[in-house]
Amino acid sequence: MAFVRTRGLQGYITGDSPVPWLAPLVAMLVVFTIYPLFYNIWLSFHEYAPFKRRLVYVGTENWSTLVNDPRFWEALSVTFTYFFVLLAIQVVLGMIIALLLDSDEPGFGLLRGLLTLTLVIPPAITGMMFLLMEDPEFGVLTYLLEAMGILSGQDPILATSSTALAGVMLADIWQWTPFMVLIFLAGLRSLPQEPYEAAMLDGASAFQTFRRITLPMMSKVIAVAVLIRGIDLFRAFDYMFVMTSGGPGTSTYTLSLYAWQQTFSFIKWGYGATLSLVSLVLILVIANLFIWIAKVRW
Amino acid sequence: MIVESKYRRYSRMAAAWLITALFVFPLYYWGTTAFKEAKEIFSVPPTVWSFTPTLRNFEEVFGISFGFLRQQEVLPGGGNFYMAPRLWDSIVVAVFSTALAIAISTFAAYALSRMDFRGRHHFVAWVLSTRMMPPVAVAIPMFFIYKDIGLMDSYTGIILIHALMNLPLAVLLLKSFFDDIPREIDESAIVDGASRWKIFRRIILPMAKGGIAATAVLCFIFSWTEFIFVLTLTQTGLKTVPVVSSSFVTSTGTAWGNMAALGVAAMAPAFLFILLVQKQLVRGLTLGSLKQ
């Protein structure tokens, strides 16, 4: 189809070139992502000198500090633990709840609606909610766990290094499992019925049906949900910031939180920038690898 | 049609209600905390069902009297927990950043949906990859850049950065809504002599109204709930609701009731909005990749 071009300004706007249409977007992305990226790289070769009260060039010092910094490796391990454990829990739990809610019975629409509510709460406020519920003295969750004998009265959930990360994870599970449920549910609702009828005639068990029919047909939906949730899990910051500030020790330090605290609490501007760059590179590599392997397409 | 046995049907219903109740409980507990007096918040064992409701927490947070506190005791600007201006900050930032994100992304999404140019897939991949950037890797350099150019602590600065944060979502989501409009409609309009600009304004925008509204709602919610950019790029000038939670932690203990009251006020509009976009929610959450 040929396109009628007019002249002048009008022609510029209505011409076939996508440039004027994309220009504002590209301008924003360049100013707010490309420029900061280069600024960050520049920062990582500098450090704030408290006595000179300015940034000085330090070469690759920040990068060698990074390799020898045990707290960095601990933050990396917390980040990956948080990422893998929560991805697994949220996918499995999300699928179980989605299968449970996949029904046309009256009332199930309401249940789906109620589950969407957790998604719009500011994560910082969710953190405060769980901080209240996990309070060692008057927290309702502490009380329940103690009543059930799971928790002894002595160890506060968020101030004990063995349980603090689990306490933070609980907030994330509560807030984002419904994300998985809603996506999986939409996938399940759109599956064709015929394969299920055939499977039933063949006498397949519920588990076989799920394993051989549901899972393969849901693979694209699961891949997209895992990608988007995975990106956010890797960047986790809000919950630990308000609930534990990374402590006790380094038990809830994620890479994002460690980078932020180095920059703003300890005035290690260059080192914080270096840490944030590591987190950026890791997430871009992992996410793009996943997109490539799982063949997710937009 | 696959028919469930009566036993399975009832056990499914019971399990579904039970699980949903588990997810709703923290909301219920937080919501009721907003209406509790301090002594009931700190009681052991915790009060869950029976307590004497009070509006005192809301009065302190919003600086208005409902009769639980005398008006003289409610001091706008004077009380530590007076948060009405923070709600206003949140609204201004969310509204303007959403408007900016939508304005920029409708143009871009139209080009990505309707024009076949070289490198389009790479362009989409680039937009998507900006969604992957850890906020901290943007917030740290932006802190220094904003300091240099004087955008620290300003509405403009936060609005720009929130709009940026929502751009990948808005562009990809709007593209998916524009893709739903059959290309034949554009083609017949071109035959009738309409320009691209006219097609965009008179055909695409009106036909994608619902999609644009849903996208705007999601942008609003993500700005409303955003934490790390506001935390990093503001000092005293403005603060949105998620960031002020720490100001309820005082040397004499945490003002849980007041914080819960503010939390409830922050959640209410978001709950309302999300119910409006139920139909497009999954598409929105997956950046336009999955259609319901």
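Guide: The model is a predicted one. A compact globule of 298 residues would have a radius of gyration near 19 Å, whereas chain A has 25 Å. The C-alpha trace of chain A spans about 80 × 80 × 30 Å along its principal axes. Of the 298 residues of chain A, 42% count as buried. Chain A holds 13 helices and 2 strands. When contacts in chain A between residues at least 6 apart in sequence are considered, 66% of them join residues at least 24 apart.

Helix α7 of chain B covers residues 155–179, and helix α10 of chain B covers residues 209–225. Two packed helices are described by the angle between their axes and the distance between the axes. For α7(B) and α10(B), the angle is about 155° and the axes are 10 Å apart. An angle over 145 degrees counts as roughly antiparallel, and α7(B) is therefore roughly antiparallel to α10(B). The crossing of α7(B) with α10(B) is right-handed.

The residues that make this contact can be named on both sides. From α7(B) come B:H162, B:M165, B:N166, B:L169, B:A170, B:L173, B:L174 and B:F177. They meet B:G211, B:I212, B:T215, B:L218, B:C219, B:F222 and B:S223 in α10(B). By class, the contact of α7(B) with α10(B) has 10 nonpolar residues, 5 polar residues and no charged residues. The numbering on each side may be read with the helical repeat in mind. An α-helix has 3.6 residues a turn, so residues three or four places apart point the same way.

A helix pair in chain A may be set beside this one. Helix α5 (residues 108–116) of chain A packs with helix α8 (residues 164–189) of chain A at an angle of about 140°, and their axes are 9 Å apart. Because of that angle, α5(A) and α8(A) are oblique to each other. The crossing of α5(A) and α8(A) is left-handed. In α5(A), the residues concerned are A:R112, A:L115 and A:T116, which meet A:P178, A:V181, A:L182 and A:L185 in α8(A). The contact of α5(A) with α8(A) has 5 nonpolar residues, 1 polar residue and 1 charged residue.

The description now returns to chain B. Helix α8 of chain B covers residues 183–191, and of its 9 residues the number buried is 0, so α8(B) lies largely in the open. B:G193, which follows α8(B), has a positive phi near 90°. B:A38 itself is found in helix α2 (residues 38–41) of chain B. With 15 other C-beta atoms within 10 Å, B:A38 is partly exposed.

The loop between α2 and α3 (56–62) of chain B contains B:P45. The peptide bond from B:V44 to B:P45 is cis, with omega near -5°. A cis peptide bond also joins A:G247 to A:P248, with omega near -5°. A:P248 lies in the loop between α11 (238–243) and α12 (255–264) of chain A.

Positive phi values away from glycine deserve mention as well. In the segment after α13 (281–285) of chain B lies B:L287, a residue other than glycine with a positive phi near 55°. B:L287 is buried, because 23 other C-beta atoms lie within 10 Å. A:I267 is not a glycine either, and its phi is positive at about 55°. A:I267 is placed in the loop between α12 and α13 (269–294) of chain A. A:I267 counts as exposed, with 12 C-beta neighbours inside 10 Å.

Finally, the two chains meet each other. In this meeting, 81 residues of chain B are in contact with 76 residues of chain A. On the side of chain B that touches chain A, helix α1 (residues 6–33) of chain B gives the most, with 13 residues. That side of chain B divides into 64 nonpolar, 14 polar and 3 charged residues.

Key
Residues are numbered from 1 along each chain as its sequence is written. Chains are lettered from A and ligands numbered from 1 in the order in which they are written. This is a predicted model: local features need pLDDT of at least 70, side-chain atom pairs count only at pLDDT 80 or more; totals for chains, interfaces and linings use all residues. Helices (H or I, at least four residues) and strands (E, at least two) are DSSP runs, numbered from the N terminus. A residue is buried if 20 or more other C-beta atoms lie within 10 Å of its own, exposed if 12 or fewer, and partly exposed in between; C-beta atoms are placed from the backbone. The radius of gyration is taken over C-alpha atoms; the globule rule is 2.2 Å times the number of residues to the power 0.38. Two residues are in contact if their C-beta atoms, placed from the backbone, lie within 7 Å. Axes are lines fitted to C-alpha atoms, for helices over the stretch in contact, and angles run from 0 to 180 degrees between N-to-C directions. Angles under 35 degrees count as roughly parallel, over 145 as roughly antiparallel, 65 to 115 as roughly perpendicular and the rest as oblique. A crossing is left-handed if the near helix is turned anticlockwise from the far one by less than a right angle, and right-handed if clockwise. Ala, Val, Leu, Ile, Met, Phe, Trp, Tyr, Cys and Pro count as nonpolar, Asp, Glu, Lys and Arg as charged, and the others, Gly among them, as polar.
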